[in-house]
Structure formats: C-alpha cells, structure tokens
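Please look at the sequence and the 3D structure below.

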Amino acid sequence: MSLVRFPESVVSCRNLVGGEWQAPTEAQAQDVRSPYTGALIGRVPLTTASGVAQAVEAAKVAAHDWGLTPLRERTQCLLAFRGLLERHLERLAHLAASESGKTVAEGRAGLLKGLEVCDFALSLQQLDSGAHLEVSRGVTCEYRREPLGVVAGITPFNFPAMVPLWLFPIAVTLGNAFILKPSEKVPLTACALGELMVAAGYPPGVFSIVHGGKPAVDALVEHPDVKAIAFVGSTPVARHLYAEGCRHGKRVLALGGAKNHLIVVPDADPDLTPQAVVDSFTGCAGQRCMAASVMLAVGNVQPLVEDIVRRAARLEPGPGMGALIDRGAVDRLETAIAKAKADGALVLLDGRGRRPSGELYANGNWLGPTVLDGVRPDMEAARLELFGPVLSIVRVTTLSAALAVEHASPYGNAASIFTTNGAVAQTVVEGAKAGMVGVNVGVPVPREPFSFGGTGESKFGHGDITGPSSLDFWSHRKKVTRKWSARSDGSWMS
C-alpha cells in the first residue's frame with residue numbers, strides 16, 4: 001500500500017500569466033522527483049528575466065482595477081477560493097506530500113493552517129474598516145488603506161501549500177496583484193493552488209505564478225514595478241534578498257532559518273513532555289523552521305531523555321515520518337551526525353540507514369529519528385541549523401544556564417519550556433529572546449490572528465508575515481484631512 005497518492009502522470013508545470021497558463025519561452029525544464037521514491041513526477045520551467053517581466057506587466061495591468069474594487073467585493077473571490085480549497089483538501093494534501101516528502105497528515109495540516117489565514121483575510125471587511133475622527137470643529141481626519149500594486153512571494157520547499165497561503169490571501173484581499181515564485185523543488189502544489197484561484201473568479205493577472213530558480217528571484221527583486229517581496233527560506237538567502245530588495249527600494253520581509261530550543265526541567269510532565277519533544281524534532285522530518293533541534297536538559301531529567309529515545313525509536317520512516325527533500329539533504333545530515341560523534345557526542349539513537357519496507361521506497365531520501373546526547377554548546381550540532389530529524393541534547397545545571405545558551409544563538413525563532421511550575425514558565429516567557437515562545441508546547445506556532453515571526457537572524461525586516469501587522473506590510477495608509485467651511489467657533493486646530 002502506498003503511503004501517499006502520487007500524480008497519475010508526469011505533471012508539466014507552466015506559468016500563470018494574465019489568467020492564462022503559459023510555457024515560458026527560452027526556459028529550460030528541470031525534473032521534479034518525489035522524495036518518497038525518487039521517481040519523476042513533474043517538470044518545471046526555469047523562467048528567465050523576460051518571462052518574469054511578462055508576468056509583472058500583466059499583474060501591473062490587473063492591479064489598477066483590482067485596487068479600486070471595494071474590499072467587500074474582493075472578499076467574495078476569496079470566499080469562493082476558500083470553498084474550493086476545502087473541497088480539494090485531500091487531493092492537495094497528497095500532492096503536497098508527494099513532492100515535499102511530508103506525510104499526508106502533515107500536508108493536510110498545512111492546508112488547514114492556510115484556511116485559517118483565509119479566514120483572517122475574510123474578516124478584514126469587519127476588522128479593518130479604517131478610522132474616522134472629528135479632530136477639531138469642522139475638521140475631520142481619516143485613513144484609508146490602499147494597496148501597493150504588484151507584490152511577490154518567494155516560498156520554500158518544505159511547506160508547498162501553507163507558506164503561499166500565509167501570503168497571497170491577505171495580499172490580494174488588500175487589493176494587490178500577487179506573483180508567487182514557489183520553490184522549483186515543489187511546483188506542483190503551487191500550480192494546483194493557481195487553478196483554484198482562477199476557478200474562484202479572480203480577474204486575470206491578480207494572481208500569477210512564475211517558476212524558476214535564482215534568475216527568476218533576481219528578476220523579481222530588480223523589477224521596478226514589484227513593490228514588496230515576502231520570502232521564507234534559509235538565513236543566508238533571506239539576508240541577501242533583504243539587502244538586495246532594500247537596495248532596489250522595495251519593502252522586504254524575509255524569514256530565515258532557526259535553531260530552536262526546548263528547555264526541559266525535572267518537574268516537567270512525564271507523559272506530555274517526551275511526546276511533545278519527539279513530535280517537535282521529527283515532524284515534517286525536521287524540515288521546518290519551528291522544529292526543536294536542541295533540548296536543554298536542566299538538572300536530572302534522565303528518565304525523560306530515555307522516554308524520548310524509546311518513543312522516537314518506535315517512529316517508522318514513511319508512515320510515521322516523511323522523507324527528506326533530496327539526496328543532498330540526506331548526505332548533509334549523515335555527515336553532521338558523524339561529525340557530532342567525532343566531536344564527542346553520544347549517539348543515543350541513530351537514524352542512518354532506516355527506510356520503509358518495500359522496493360517502492362528503496363530510492364527515497366530517508367533518515368530516521370536521531371538523538372545526540374552530551375552535545376556541547378560550541379559544537380556545530382548545537383549551533384547550526386541541520387534541518388532534519390536530529391535532536392541535540394545539551395546538559396546544563398540551571399535554568400539561567402539554559403537561557404544563556406538560548407541567548408547565544410544568533411537565531412530567534414522559537415523556544416519552549418516544559419515544566420509544571422508557573423514561576424519557572426514565566427521566567428522563560430520573560431527571559432527567552434525568541435519571537436515565539438511555548439509553555440509545554442513543542443511547536444509554538446501561533447494560531448490566527450496571532451502573527452508568525454521570529455527575531456534575530458530568523459527574520460529580516462519589520463512586522464510579521466501573518467496577522468494584523470501583515471496588513472501594514474502589504475498596504476499603506478493614506479491620511480485624509482477634511483474641512484468644508486470656515487467656522488467662527490473653531491479653535492487653533494481648525
């Protein structure tokens with residue numbers, strides 16, 4: 001029995017430009033292979049700068065009338081899209097899993113999170129009605145939220161549905177024309193989302209897709225008609241894209257990598273804690289910026305460590321944990337495990353060589369859960385984002401020492417404390433520098449309308465990528481002051 005439904009035939013991806021699916025000219029094609037099997041499931045064009053310019057021009061034409069469309073009318077298209085998304089949820093979950101290596105349940109969860117963002121965007125007609133105030137006799141001030149025009153989102157391989165759905169429902173509802181540049185490793189889900197956007201009745205050019213690699217990204221960053229860019233990916237690329245985007249006068253919000261810390265103290269709940277830790281570092285095969293990669297073991301928590309290892313050892317690659325995106329990721333992680341061992345870490349659980357049974361998955365990209373103990377804070381396993389199902393345990397004697405390790409990381413995405421003591425929890429809530437903090441929660445991703453965003457080298461730019469602060473990223477406020485006639489009873493402010 002297959003763990004995921006694969007496409008029935010090889011999918012030839014195309015760009016969505018001006019409401020039409022087009023094969024970009026002068027673009028080479030790249031194979032898309034499933035992480036589960038290594039089999040060919042799609043081909044994606046690597047769009048050149050001229051192809052990007054064509055999409056931007058179509059979006060620019062669409063942006064004018066779409067920006068003038070009343071907010072309530074714009075939400076009707078999103079409401080139709082939301083219904084289609086819900087109707088096609090299972091098909092999309094399997095499609096996302098087949099190209100990214102997620103389990104189907106994880107693919108489904110990403111879509112459900114995307115539905116939450118759609119709900120937030122739909123609420124804008126009630127929640128974001130602007131402000132109007134009589135500031136003096138005969139004088140009123142108000143603000144109007146207006147779109148930027150053409151905006152773009154550059155999204156990663158690990159969440160082919162969820163991260164795009166963080167971006168374009170809000171951006172288009174605010175009146176922008178949005179261009180999606182998905183990872184060339186996972187283009188199939190993006191095309192499926194584009195089909196639903198067309199079916200939902202969005203005017204041609206309001207939502208576009210351009211496929212490609214670095215040249216396509218560079219073209220979006222350099223194009224003068226693209227006013228804002230949101231990015232999710234690694235920290236080196238986020239830093240570079242932020243600098244280049246700002247140099248070209250754009251708004252940029254670039255989310256980078258992470259090295260998240262789970263602080264576990266001796267009074268942690270013995271049932272809740274081990275499973276939460278395992279779920280955190282193995283979920284999405286560890287390929288997510290919210291995965292726990294370092295456990296800061298405070299004092300004597302050996303029984304909890306042993307339970308974590310037992311539970312992780314029972315997790316089967318395939319049905320219990322998905323595949324890594326490509327062979328390069330497997331090689332990189334196996335090298336990192338070997339280096340940690342050479343540096344003095346104890347390999348309590350070794351996932352190298354583990355894979356699902358059956359010839360179908362023999363050529364997949366597999367690594368089982370791996371637990372390293374006795375990791376020092378200066379080791380690469382404790383400092384670098386490994387981006388895989390590897391947990392590094394750093395032993396410390398005090399809560400202060402644990403927070404010092406968390407503070408020393410240049411990243412600042414997430415941190416969690418596992419304790420049954422409220423004072424201990426509050427100490428970490430107040431003392432952690434991460435932008436998202438959990439108490440007895442292994443993956444502290446906020447639910448909408450609470451926004452997603454970290455600190456430090458996990459985020460370049462201001463505001464968050466979802467929630468209320470995202471509105472100011474995708475739009476600007478026009479301030480209007482009105483006075484119709486002279487007033488004899490006016491004050492100096494009149």
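**A walk through the model**

Leaving aside residues up to four places away in sequence, T75 touches A121, L122, Q125 and T173, where contact means heavy atoms within 4.5 Å. T75 belongs to helix α2, which covers residues 71-87. Helices (H or I, at least four residues) and strands (E, at least two) are DSSP runs, numbered from the N terminus. The relative accessible area of T75 is 0%, so T75 is buried. With a 1.4 Å probe and protein chains only, buried means under 20% relative accessible area, exposed over 50%, and partly exposed in between.

This is a predicted model, in which local features need pLDDT of at least 70 and side-chain atom pairs count only at pLDDT 80 or more, while totals for chains, interfaces and linings use all residues. Residues are numbered from 1 along each chain as its sequence is written, and side-chain values use heavy atoms, with hydrogens and water left out.

The protein is divided into domain 1 (11-256 + 449-479) and domain 2 (260-439); these bounds come from an automatic or database domain assignment. Their C-alpha centres are 31 Å apart. Domain 1 gives 24 residues to the contact, and domain 2 gives 30 residues. The size of an interface is often given as the accessible area lost when the parts come together. Here the two domains bury about 2,000 Å² between them, with 59% of it on carbon and sulfur atoms. Buried area is the accessible area (1.4 Å probe) that two parts lose on being put together, summed over both. P35, Y36 and T37 supply 24% of the area that domain 1 buries against domain 2, more than any other three residues.

What holds charges together across this boundary? The count between domain 1 and domain 2 is one salt bridge, meaning a side-chain nitrogen of Lys or Arg within 4 Å of a carboxyl oxygen of Asp or Glu. The side chains of D326 and K185 meet in a salt bridge, at 3.1 Å from N to O. Elsewhere, the whole structure holds 26 salt bridges. D31 forms one of these with R43, the closest N and O atoms being 3.6 Å apart. D31 lies in strand β4 (residues 28-33) and R43 in strand β5 (residues 40-46), twelve residues apart. D31 is partly exposed, at a relative accessible area of 38%, and R43 is partly exposed too, at 36%.

E146 forms a salt bridge with K478, with the closest N and O atoms 3.2 Å apart. This pair links distant parts of the chain: E146 is in strand β7 (residues 139-147) and K478 in strand β23 (residues 475-483), 332 residues apart. K478 counts as partly exposed at 37% relative accessibility. A network of salt bridges links K113, E116, R447 and E448.

E448 also takes part in a cis peptide bond, which joins E448 to P449 with omega about 10°. P449 lies in the loop between β20 (436-439) and β21.

Two further loop residues have a positive phi without being glycine. For A285, phi is near 55°, and A285 is in the loop between α10 (272-282) and β14 (292-298). A285 is buried, with a relative accessible area of 0%. For F387, phi is near 60°, and F387 is in the loop between α13 (380-383) and β17 (390-396). F387 counts as buried because its relative accessibility is 19%.
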